[in-house]
Structure formats: C-alpha cells, structure tokens
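Colleague: I am new to this structure and would be grateful for a guided introduction. May I put some questions to you once it is on display?

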Amino acid sequence: MQRKMIVLSVVVLIVACCSFSFREEPKFKNLKVLDKNISSDDLKLIMKSFKTALGVKCNFCHAESKTDPKKLDFASDENKHKNIARGMMRMAMRINKKYFRDEKEPKVTCFTCHRGDKEPKEAPKETLDEK
C-alpha cells in the first residue's frame, strides 16, 4: 500500500512538473501589434529594420529604465514615438493586406516613406506644383 502511494505521488509530481513546462507565457511584455509569441530572432530583425528605415537607435522609441538609466525599458509606453510606430505598423499592415494580399513579402514598409530619416521624406516642390 505504501509503495502504491509513493508511485502515485511520483506520477502526480511528474505530471504537475510537465504541465508547468508546457504552459507557454509570452516572452515579451506589452506587444500590441506584433505577435505576442514572436521569436527573439524575428523581433530583433523587425527592430533592426525600424532602426535602418528611420536612421535611429533603440532609444528613439523605447524609454530609459527608471532603475538603470543606462538600460532601456522595452515594455514601457512612456516614449510617444512607440505609439506612433504602432500606428504606422497598423497602417502599413492594412495597406499590404488590401493592395498586396498575394505578395509573400510586404511591399509597404517603414522604409517606403522614411528612407532612413526620422520624418518621412516629402515630395520635391516641383512635383507638388505640377498638375
């Protein structure tokens, strides 16, 4: 009887441990546009594309940590550029879905308008004046 209880206890313990290991929690906090279960590599690629498209560093959108000013608080929404970036991402996603639905890669990206600048490039004056 005692042996059955020990075996049963071990089985219950193993099942409990396995259930904890299979429960996936999001790796990143406060993702509102990107997939909450995005891989670290994919997130880094996307963030690198933003840096290139806007010619900025991470602190352009991410606030500095309150506990260590040398680090960034990636989950914080204190930097206004982060919400602007989210809106731009949604806009580009809508455009790509509506007009380029059959394409494998998005056609409209941050670089489409920004071309390496914080602010989108404007059309040359003569282009605007021509009718």
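Colleague: What percentage of the 131 residues of the chain count as buried?

Modeller: This is a predicted model, in which local features need pLDDT of at least 70, side-chain atom pairs count only at pLDDT 80 or more, and totals for chains, interfaces and linings use all residues. Residues are numbered from 1 along each chain as its sequence is written, and side-chain values use heavy atoms, with hydrogens and water left out. Buried means under 20% relative accessible area, exposed over 50%, and partly exposed in between, with a 1.4 Å probe and protein chains only. Of the 131 residues of the chain, the share that counts as buried is 18%.

Colleague: In what order do the elements of the chain run from the N terminus?

Modeller: Helices (H or I, at least four residues) and strands (E, at least two) are DSSP runs, numbered from the N terminus. The chain holds five helices and two strands. Read from the N terminus, their order is α-α-β-β-α-α-α.

Colleague: How many salt bridges does the count come to?

Modeller: In general, side chains of opposite charge can pair when their charged atoms come close. The rule applied here asks for a side-chain nitrogen of Lys or Arg within 4 Å of a carboxyl oxygen of Asp or Glu. By this rule, the number of salt bridges is five.

Colleague: How many residues apart are aspartate 77 and lysine 32, which meet in a salt bridge?

Modeller: The side chains of aspartate 77 and lysine 32 meet at 3.2 Å, N to O. Aspartate 77 lies in the loop between strand S2 (72–73) and H3, and lysine 32 in the loop between helix H1 (2–22) and helix H2 (40–54). This pair therefore links distant parts of the chain, and the separation is 45 residues.

Colleague: Which residues are linked in a network of salt bridges?

Modeller: Aspartate 77 pairs with lysine 32 and also with arginine 86. Lysine 32 is partly exposed, at 47% relative accessibility. The network of linked residues consists of Lys32, Asp77, Lys82 and Arg86.

Colleague: With which residue does glutamate 103 form a salt bridge?

Modeller: Glutamate 103 is partly exposed, with a relative accessible area of 40%. The closest N and O atoms of the pair are 3.6 Å apart. The partner, partly exposed at 46% relative accessibility, is lysine 107.

Colleague: What is the phi of arginine 115?

Modeller: Arginine 115 is found in the loop between helix H4 (110–114) and helix H5 (125–129). Its relative accessible area is 48%, so arginine 115 is partly exposed. Although arginine 115 is not a glycine, its phi is positive, at about 50 degrees.
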